Amino acid sequence: MANLQMVNYAAAASSSSCVASLKSYDVFLSFRGEDTRGNFTSHLYDALIQAKLETYIDYRLQKGEEISQALIEAIEESQVSVVIFSEKYGTSKWCLDEITKIMECKEGQGQVVIPVFYKIDPSHIRKQQGSFNKAFEEHKRDPNITNDRVQKWRSALTKAANLAGWDSITYRTEAKFIKDIVKDVLYKLNLIYPIETKGLIGIERNYAEIESLLEIGSREIRVIGIWGMGGIGKTTLAISLHAKLFSQFEGHCFLGNVRVQAEKHGLNALRRTLFSELFPGENLHVHVPKVESHFITRRLKRKKVFLILDDVASSEQLEDLIGDFNCFGPGSRVIVTTRDKHIFSHVDEIYEVKELNHHDSLQLFCLNAFREKHSKNGFEELSESVLAYCKGNPLALKILGACLRSRSEQAWNSELRKLQKIPNVKIHNVLKLSFDDLDHTEQDIFLDIACFLKG
């Protein structure tokens, strides 16, 4: 199944800031081991790992008077700190130094801090009352602890407890409590790592319109079809949507390049990949097209999922992969991208991705040809000739831009003359897939029309 593993689209969600992209950890867990190591914290850690989040947890039982340099670096190298306040958190000088450092990172680096109040009144942390008051009485009697250090602890605790957090007292079950915390962490990380738009010229309008069609927040199951010619940007849009929205769902799957994968491995293998992504960590037995166990079907109906099927070639492929879109839970969203509009017989909305306008086409081409958003002196007319040839197709603009980069005017003229007779192989191969999908009669008709219109 290695060939069928999900394509890693993390690059589409990488941070636009260098600082964010260099962080070693998504989450740092601060907790009092004596209170929660063997129960709540271990369960939360496992849930974060299941969500594929790089999480730092310190398992050492014996700790010194002050936190180690390695721990300080781990805090600094984390995007989010989840601070689990419990009854004995305040008794640990190590924990108090951690929260002090965490709040310094929040104020100095913009680190996200999520307080979790586990079986303790938040006001006890905010005002250092109850068990925290007793703990600080002990700390004041310790000759090795300076008054300045105590004041820093008090300030950090008050600031942390004033942040929006999660209180276990408001939950009936710990499982739901942990689930909501993980969901919040994913949401906040998604804001830290915005969609990378460098080089994605002209995507904003399409993106906003499709997101509007999805009606995120509605409990209805909505299916959106995205269609357009090869190279027009359907997959790029789908990748961006998945990267931004997946954290709002209980399960998600980006099934990329369905056309090619189905030919290589068969639809049964694709279905196994699909269900293994929606139910990670489980060994599901899915062998017969459109037939799942009643158990799987029942579970799917209770799960809010975000599913993207990219480059589906036919209605048969769509039918075999997902026989009934109503098999998903309330609030689920499905996006299907294709070159063939006719496969969309049971979708809520169809969105056509159109060619780029002249302004966006010129920017995209110049970014790939000159590494800037405008033509170099002497190349203006040649650039316009390339734009006329590409007709707003993003893939063609990028391929030809890269092909002509750093070449002379003479080489440009030679390449443009060549294109009038022989198409670029990479562009040709992408566009030819649409022709190959036609039957023999349709191919003959297409060629007759093409030759007739060629003059």
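These legends describe close-up views of a predicted model.

**Figure 1. Overview of the protein chain.** The chain holds 21 helices and ten strands. Of its 455 residues, 47% are buried. A search of the whole structure returns 16 salt bridges.

**Figure 2. Strand 3 and its two partners.** Strand 3 covers residues 78-85. Eight of its eight residues are buried, so the strand is largely enclosed by the rest of the structure. Strand 1, residues 25-31, pairs with strand 3 in the parallel sense over six bridges. In this pairing Val27 stands opposite Val80. Strand 4 also runs parallel to strand 3, and six bridges join the two. Here Val82 faces Ile114 of strand 4 as its opposite residue.

**Figure 3. The β-α-β unit.** Strand 3, helix 5 and strand 4 form a right-handed β-α-β unit. Helix 5 spans residues 93-109, and strand 4 spans 112-117. The loop between strand 3 and helix 5 contains Ser86.

**Figure 4. Surroundings of Ser86.** Ser86 has a relative accessibility of 1%; the residue therefore counts as buried, the limit being under 20%. Neighbours within four places in sequence are left aside in this view. The contacts of Ser86 are then Arg32, Asp35, Thr36, Tyr118, Ile120 and Phe132. One of these, Arg32, also belongs to a network of salt bridges with Glu34 and Lys88.

**Figure 5. The largest nonpolar core.** This core has 30 residues. Phe85, Tyr89, Ile99, Ile125 and Leu157 have the most contacts inside it. At least two core residues come from each of helix 4 (69-76), strand 3, helix 5, strand 4, helix 7 (131-141) and helix 8. Helix 5 gives the most, with seven residues. A second, separate core has 27 residues, including Val305, Leu307, Leu318 and Leu321.

**Figure 6. Contacts of Leu157.** Residues up to four places away in sequence are not counted here. Leu157 touches Phe85, Tyr89, Leu96, Ile99, Ile125, Gln128, Phe132 and Phe136. Among these, Phe85, Tyr89, Ile99 and Ile125 are listed with Leu157 as the residues with the most contacts inside the core.

Figure 7. Asp148 pairs with Lys152 in a salt bridge, with the closest N and O atoms 3.7 Å apart. Both residues lie in helix 8, residues 147-161. They are four residues apart, about one turn of the helix. An α-helix has 3.6 residues a turn, so residues three or four places apart point the same way. Asp148 is partly exposed, with a relative accessible area of 48%. Lys152 is also partly exposed, at 45% relative accessibility.

Figure 8. Helix 9 runs over residues 174-192. Side chains of opposite charge can pair when their charged atoms come close. Lys176 and Asp180 are joined by a salt bridge of 2.8 Å, N to O. Asp180 is buried at 14% relative accessibility, whereas Lys176 is partly exposed at 39%. Asp184 and Lys188 form a salt bridge of 2.6 Å, N to O. They too lie in helix 9, four residues apart. Asp184 counts as buried, at 12% relative accessibility. Lys188 counts as partly exposed, at 26%.

Figure 9. Helix 16 has twelve residues, 358-369. At 1.5 Å a residue they should span 16 Å, and the end C-alpha atoms are 16 Å apart, which agrees. Asp360, Ser361, Gln363, Leu364, Phe365, Cys366, Asn368 and Ala369 are buried in this helix. The buried residues of helix 16 pack against helix 17 (380-390), helix 18 (394-404) and helix 19 (409-421).

Conventions
Residues are numbered from 1 along each chain as its sequence is written. This is a predicted model: local features need pLDDT of at least 70, side-chain atom pairs count only at pLDDT 80 or more; totals for chains, interfaces and linings use all residues. Side-chain values use heavy atoms; hydrogens and water are left out. A salt bridge is a side-chain nitrogen of Lys or Arg within 4 Å of a carboxyl oxygen of Asp or Glu. Buried means under 20% relative accessible area, exposed over 50%, partly exposed in between (1.4 Å probe, protein chains only). A nonpolar core is a set of buried Ala, Val, Leu, Ile, Met, Phe, Trp, Tyr and Cys residues joined through side-chain atoms within 4.5 Å. Contact means heavy atoms within 4.5 Å. Two strands pair if DSSP finds at least two bridges between them. A crossover is right-handed if, with the strands pointing away from the viewer, the path from the first strand over the helix to the second runs clockwise. The expected span of a helix is 1.5 Å times one less than its number of residues.
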